[in-house]
Structures are given as C-alpha cells and as structure tokens.
Amino acid sequence: MNKISDFGFVVIYVLSISFSGLLISLDNNLVDEYEFGLIIPESCTSSSQLSDEYSCEKLFDGLTSVWSDNSNACNDETWIEFYFNREYFIEFIVLRNPESPEWFYTSHKIKNFMIQTTNGTVLTKMLENDDIQQWLDINEYISELKIEILDTYPSEKYGTYPATKDCVLMEVNFYGRIKSSF
C-alpha cells in the first residue's frame, strides 16, 4: 500500500483549496463582482444655483443642506447633471425634498422631472409633495446622469416665513455596483 508523504499531502491540499477558491471567485465575479452600495458622484453641474452654499454638491453630501436654483422657481430650463469617475451599474436613485419645514413649505419643490442617462435612456417621474425618500429604478451602466425639472409644487407661507421663488432639493443618492471588468 502506497502512502502519501507529508509534502505530497500539503501540495494536494493547497492545490485543491486554490482550485476551489478560483472556482468560487470566477462564479462571484460573473454574478456580483462588487458589493452593492452607495455610489457618490465625482462632481456635478447645474443650470443655476442660488450661491456656492446651495450648489449641486450639497445633493450628495449626506447632510440636510439643500441645492437651490437662483430663485427662478425652476421656471427657466433647470437641470442638474451628475458625473462619476467611472462607469457604474446604478440600480436606483433616491431623491428627497428638504426635511426642514421652513425650506419644505416656503420653497418650490420638484414635481415632474425627466432623467437622461449616459446611454440615452429617458425616464420621467413625479415626486410626491412630501419630505420622505422617494426611489426611482435606473438599472443600467452609467457614467453621467441628468435630472431635468419639468414643473414644481408651489411655495407657500409657513408661519412667519414668506413663500420664496427658490426651487430646492435636499438629497440625491445613487445605489448600485461597480461595472465588471469582464
């Protein structure tokens, strides 16, 4: 009866573990190369902004700060474009109107908007007139995404705060995966 030497056993063990790891790695790369999560744009531009304090970067800073147009109530052609440092598979985006009642009531809020992706896909959506997170499925690889505001909910007086012509949005979050290198 032939016995396997200690060295032979170690070599066979290492090879079998390596081969199993390779198979698992290949399977995971094909299905899900990277973990799902929040994807933060590299930069953005907008058709207008009230000031640097209310720039489009405020939309992905994770804070309760807001983007605001230049007080035209989004009546002029108003858009926000996001740029990513590489192509990502964006599954969905989450938009949110301001939490602060002073901002929420006294500002114009986005009602209907259109999204254009890198691939030319156009989606239209209506945001509810509330301050909860609202989701929109994208499900495609993109490196840029443009939100064009079509119309808004009007502003109104809130307590001692007068209605304004500011058009605002508090947050836009992108969720997805990094594009596979295959």
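Reader: Before the strands are discussed, when do two strands count as paired, and how many bridges link E5 and strand E6?

Author: Two strands pair if DSSP finds at least two bridges between them. In this predicted model, strand E6 covers residues 122-126 and runs antiparallel to E5. Within this pairing, Gln 116 stands opposite Val 122 in E6. The number of bridges between E5 and E6 is 5.

Reader: Which residue takes a positive phi in the hairpin of E5 and E6?

Author: The hairpin has 4 residues between its strands.

Reader: In which sense do E5 and E7 pair, and in which sense do E5 and E8 pair?

Author: E5 and E7 are joined over 8 bridges in the antiparallel sense, and Ile 110 has Thr 152 of E7 as its bridge partner. E5 and E8 are joined over 2 bridges, with His 108 opposite Cys 167 in E8. The sense is therefore antiparallel for E7, and for E8 it is parallel.

Reader: Is Glu 156 buried, partly exposed or exposed?

Author: Glu 156 belongs to the loop that links strand E7 (134-153) to strand E8 (167-169). Its relative accessibility is 41%. Buried requires under 20% and exposed over 50%, so Glu 156 counts as partly exposed.

Reader: Which residues does Glu 156 touch, leaving aside those up to four places away in sequence?

Author: Tyr 105 is 51 residues from Glu 156 in sequence, yet their C-alpha atoms are 5.6 Å apart. Contact requires heavy atoms within 4.5 Å. With residues up to four places away left out, Glu 156 touches Tyr 105, Thr 106 and Ala 163.

Technical notes. Residues numbered from 1 in each chain as written. Predicted model: local features only at pLDDT ≥ 70, side-chain atom pairs only at ≥ 80, totals over all residues. Heavy atoms only, no water. Buried < 20%, exposed > 50% of the residue type's maximum accessible area, 1.4 Å probe, protein only.
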